[in-house]
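I opened a new notebook page for this protein.

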Amino acid sequence: MPANILTQEDLEGFKESLLEEIKEILLKNDRITLDRWIKSNTVMNKLGISPGTLQNFRINKTVPYSKLGGIIYYDEEEIHKILMDNKNLFLKDRL
């Protein structure tokens, strides 16, 4: 069986291609997570609530949020989780 000899150039090339693939994966995942953040209007529409109610949810820490440059963002997955948790509580109370 013949032996393959790797040179320093071979290893450098492999390293570069591996780093490029990792960067692509990280960038792709960043785009996915950025799409999860929604603005107040979207949250109000989804929940069917007023701006005052949403503000009360923020004050009472019912809904987690982030504020950047005067714009408030909400994690859509967190909103969904809160809805599902409250749905389960409502169903338990009815049984």
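**Entry 1: the core**

I looked up the largest nonpolar core and found 10 residues: I38, V43, M44, I49, L54, V63, I72, Y74, I79 and I82. A nonpolar core here is a set of buried Ala, Val, Leu, Ile, Met, Phe, Trp, Tyr and Cys residues joined through side-chain atoms within 4.5 Å. At least two residues of this core come from each of α2 (40-47), β3 (71-75) and α4 (76-94). I noted the background: in soluble globular proteins, nonpolar side chains tend to be buried together.

I must say what I am reading. The model is predicted, so local features need pLDDT of at least 70 and side-chain atom pairs need 80 or more, while totals for chains, interfaces and linings use all residues. Residues are numbered from 1 along each chain as its sequence is written, and side-chain values use heavy atoms, without hydrogens or water.

**Entry 2: the whole chain**

I counted four helices and three strands. Their pattern along the sequence is α-β-α-α-β-β-α. Both kinds are DSSP runs numbered from the N terminus: helices are H or I with at least four residues, strands are E with at least two.

I checked burial next. Of the 95 residues, 14% count as buried. Buried means under 20% relative accessible area, exposed means over 50%, and partly exposed is in between (1.4 Å probe, protein chains only). The accessible surface comes to about 8200 Å², and 57% of this belongs to carbon and sulfur atoms. These areas come from the Shrake-Rupley method with a 1.4 Å probe.

I also looked at contacts, meaning heavy atoms within 4.5 Å. Among contacts with a separation of 6 or more, 49% are between residues 24 or more positions apart.

**Entry 3: Y74 and its partners**

Which residue forms an aromatic pair with Y74? I found Y65, in a tilted pair with 6.5 Å centre to centre and 50 degrees between the planes. Rings of Phe, Tyr and Trp (its six-membered ring) pair if their centres lie within 6.5 Å; planes under 30 degrees apart are stacked, over 60 edge-to-face, the rest tilted. By this rule the count is one aromatic pair.

Y74 is buried, because its relative accessibility is 0%. Y65 is partly exposed at 40%. The charged end of R58 sits over the ring of Y65, 5.9 Å from the ring centre. The rule asks for NZ of Lys or CZ of Arg within 6 Å of the centre and within 35 degrees of the ring normal.

I then followed Y74 to S40. Their side chains are joined by a polar contact of 3.4 Å. That term means a pair of N or O atoms within 3.5 Å; within protein, one must be able to donate a hydrogen and the other to accept it, and residues adjacent in sequence count only if both atoms are side-chain atoms. S40 is in helix α2 and is buried at 18%. Beyond four places in sequence, S40 touches L54, R58, I72 and Y74.

With neighbours within four places left aside, I79 contacts V43, L47, V63 and Y74.

I82 lies in helix α4. Is I82 buried or exposed? I82 is buried, at 19%.

W37 is in strand β1 (residues 37-39) and is partly exposed at 35%. Its contacts past four places in sequence are S66, Y73, Y74 and D75.
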